[in-house]
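Work through the exercises below with the sequence and the model at hand. Each task is followed by a solution in steps.

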Amino acid sequence: HLSELSINSQGGPSVANMTLSPNLSPDAKQSSPLVSPLLNDPSCIRADDEEEVKRKRFPTEKSYFIAKEVATTERTYLKDLEVITSWFQNAVNKEDCMPETLKNLIFSNFEPLHKFHTGFLKEIEQRLALW
């Protein structure tokens with residue numbers, strides 16, 4: 001900023017020949033960064049704020065994408081489990097190829113398995129939503 005000031009013979013700045021840059025105040029001191037026009041203009045969004053919004057909207061952490069993949073896999077598994085279970089139960093009931101006690105033993109395991117995976121999927125989806 002010294003090159004912008006005209007120095008008189010006594011070594012001080014000459015007021016008549018002084019040219020100020022936008023960042024200099026009249027007493028030749030650096031103005032406060034808090035009075036910068038960019039910070040005071042409400043229509044101007046700072047790059048840091050913009051990046052923060054992007055980061056929150058689109059997280060780039062590997063763990064987020066892994067959790068998202070687990071949720072997708074769990075959702076697919078749960079739908080497949082429902083299809084296979086209902087298909088299997090319908091086929092076994094139609095053909096009557098199995099003793100009733102064996103059917104009850106096998107089919108009694110489907111409900112707890114379905115219940116567990118439904119709860120697990122809900123928990124993953126809640127955690128992803130909070131992420």
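Contact here means heavy atoms within 4.5 Å. The model is a predicted one.

**Exercise 1.** List the buried residues of helix 3 and find what covers them.

Solution. The buried residues are Tyr 64, Ala 67, Ala 71, Glu 74, Leu 78, Leu 81, Thr 85 and Val 92. Their cover includes helix 4 (100-107) and helix 5.

**Exercise 2.** Decide whether Lys 103 is buried or exposed, and name the residues it touches.

Solution. Lys 103 lies in helix 4. Buried means under 20% relative accessible area; Lys 103 has 4% relative accessibility, so it counts as buried. Leaving out residues up to four places away in sequence, Lys 103 touches Val 92, Asn 93, Asp 96 and Met 98. Of these, Val 92 is also one of the buried residues of helix 3.

**Exercise 3.** Locate the nonpolar patch on the surface and classify Phe 116 as buried or exposed.

Solution. The patch consists of Ile 66, Val 70, Phe 116 and Phe 120, with about 370 Å² of accessible area together. Phe 116 is found in helix 5. Exposed means over 50%; Phe 116 has a relative accessible area of 52%, so it is exposed.

How values were computed
Residues numbered from 1 in each chain as written. Predicted model: local features only at pLDDT ≥ 70, side-chain atom pairs only at ≥ 80, totals over all residues. Heavy atoms only, no water. Patch = residues over 30% accessible without salt bridge, like charges linked within 9 Å, V, L, I, M, F, W, Y side chains within 5 Å. Areas by Shrake-Rupley, 256 points an atom, 1.4 Å probe, with all protein chains shown as cover. Salt bridge = Lys/Arg side-chain N within 4 Å of Asp/Glu carboxyl O. Helix = DSSP H or I, 4+ residues; strand = E, 2+ residues; numbered from the N terminus. Buried < 20%, exposed > 50% of the residue type's maximum accessible area, 1.4 Å probe, protein only.
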